[in-house]
Protein chains: 2
Amino acid sequence: MKSRLTKILVALLLLTSVAHAADSLPSWNDGAAKKSIVTFVTKVTTAGSPGFVPVPERIATFDNDGTLWCEQPMPVQFYFALDRVKELAPQHPEWKTQEPFASLLKGDLKTALAGGDHALLELVMATHTGMTTVEFEQIVKDWIATAKHPKTGKLYTEMTYQPMLELLAYLRANGFKTFIVSGGGIEFMRPWAEQVYGIPPEQVIGSSAKTKFEMRDGKAVLVRLPELNFNDDKAGKPVGINQHIGRRPLMAFGNSDGDREMLEYTQGGSGARFELLVLHDDAAREYAYGPAKGLPDVKLGAFTQALYDQAQKDGWTVVSMKDDWKRVFAFEK
Amino acid sequence: MKSRLTKILVALLLLTSVAHAADSLPSWNDGAAKKSIVTFVTKVTTAGSPGFVPVPERIATFDNDGTLWCEQPMPVQFYFALDRVKELAPQHPEWKTQEPFASLLKGDLKTALAGGDHALLELVMATHTGMTTVEFEQIVKDWIATAKHPKTGKLYTEMTYQPMLELLAYLRANGFKTFIVSGGGIEFMRPWAEQVYGIPPEQVIGSSAKTKFEMRDGKAVLVRLPELNFNDDKAGKPVGINQHIGRRPLMAFGNSDGDREMLEYTQGGSGARFELLVLHDDAAREYAYGPAKGLPDVKLGAFTQALYDQAQKDGWTVVSMKDDWKRVFAFEK
């Protein structure tokens, strides 16, 4: 009795969702990109169709920086680290002469980042570790509640792409589980990803520091150690996906060379799969730094010509922000 | 219109679930253990009650060996490794003289395991790595479909505890997300956990080998490397929980010293939390190896006197398999 009633109610719920799916992408122009998404989702969700995929296998993975929110002029987490350096500087007099901190404190980002990945890692470790996971979560929450984008003056959480928010909701309404798979810090994203993207902490995958279990005043805590645990970028993304999800994505979304292996791994699965890259070609509404417009690659978040060529060859959908998106941010108009 | 209909349907669904919750634990005797579970779940799921916990925070973590299925006379994964040694032996003539393989092939488990954790790790690496993740998944699926318990002759998947299967379903019906957090191999459990426990791969946390992304014949694969990636036992369990879930469990279930830190970590969260240990004191229907009955500790899956004392002191629920469970396995009667 209960079982039959439940089944009927679930069926009704699913019908309601599917019926309203077609107009759930209002910020997308009717073009090839939107069509490729809707066509694929319709195929894998149509019961009885040869391409039908059961709900538990409907896994969609999204890069974060440059795919779900703006990563220019620098990734958001870099500004967080920078503000942490300023805040912690009084406790670190040695930073006045020690790179990359000395240059950062002078506002000279170029020199600070000349040290490459090593400098970046040192910066992250010095500003992101040494506290408990609970303390760090609060630090991130406090920062993200007020920190603003240097060009638009909007909160970073408002710098999320409206078409991608609609896409996340559309996929979930069609039985997909949506995951973030980012080179950014897992503990930097989790405190706000649920509210901003509707993605709970257990569906956020990212780079991480090691942690250590300790009893403090009779309470169990995890302390963040200044040591890299996992680098969830490039060939690390499939590794992170397998570690956290244990299934190959059915759909994967990225915007840079750091996402190449995630899309390749998705494509390597059996049956039809879907891969998409967001091309930043809209200098007016956001930034233009994709190769197709002949712009030079930037160090972070590079969409190289080689990636563009691979997308063409492998049939990955490329979204032109300029042509495919009616609006980029919710605050437009 | 859609929104209101959906809300009504969801509300009906929830009511249906809750109404049937009380009799969802038929294999549990009406005693203190069952009562503590139902009381806690009722408290955290009753809207408007001071102890109410929103659905996304209803996280329940379960140890596997000895908590969800039988771990005696040896953990199931050990028998898997043993069968793999026999299968691979023709390709490894050197194993005839090399420990722990030589003793294993002679059927002398005691000598084979005299090497302790190092011998065990060597055994696991030699039998669990070197192939792709997809190949390993198939190897596990093939094995678990036919391998049988040495004493009962039942499939290992039938050696799961009926009361715990009911508990998993009961918690899920009350909005909980159920996770496995095991010292066992994450890739050893995932291929069958969804079918047997209703727990999808992305909710299985365990120990793991490192993997490496590769292109093979133009297809992306992950290759399993003979190197430990993560040991998800003891103080590793809270680390694994934080890494995979990013929230502290509301309820945690274990049976041995390997689960102590998971239960401590759960208890360390804000508000009311629930911790439970399964005590193996039923020699007739399963095995008796808990301390309260004055039995000697076994090396694997030890429930020490110290753990028992801590459970009493901290108010953790201790389940006596003998007294609290009407039946242990579904195949009884």
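This section describes the interface between chain A and chain B in a predicted model.

In the predicted assembly, contacts between the two chains involve 47 residues of chain A and 47 residues of chain B. The size of an interface is often expressed as the accessible area lost when the parts come together. Between chain A and chain B, the buried area amounts to about 3,900 Å², with carbon and sulfur atoms contributing 55%. The interface also contains 6 salt bridges. A salt bridge joins the side chains of Lys177(A) and Glu202(B), with an N to O distance of 2.8 Å.

On the α9(A) side, the contact is formed by Ile186(A), Glu187(A) and Arg190(A), which meet Asn242(B), Gln243(B) and His244(B) of α10(B). Classified by residue type, this contact of α9(A) with α10(B) comprises 1 nonpolar, 3 polar and 2 charged residues.

In chain A, helix α10 likewise covers residues 236-244 and includes Gln243(A). The relative accessibility of Gln243(A) is 16%, and this residue therefore counts as buried, the cut-off being under 20%. Beyond its neighbours within four places in sequence, Gln243(A) is in contact with residues of chain B, namely Ile186(B), Arg190(B), Ser208(B), Asn229(B) and His244(B).

Notes: Residues numbered from 1 in each chain as written. Chains lettered and ligands numbered in written order. Predicted model: local features only at pLDDT ≥ 70, side-chain atom pairs only at ≥ 80, totals over all residues. Heavy atoms only, no water. Helix = DSSP H or I, 4+ residues; strand = E, 2+ residues; numbered from the N terminus. Buried < 20%, exposed > 50% of the residue type's maximum accessible area, 1.4 Å probe, protein only. Contact = heavy atoms within 4.5 Å. Nonpolar A, V, L, I, M, F, W, Y, C, P; charged D, E, K, R; others polar. Buried area = accessible area lost by both parts, 1.4 Å probe. Salt bridge = Lys/Arg side-chain N within 4 Å of Asp/Glu carboxyl O.
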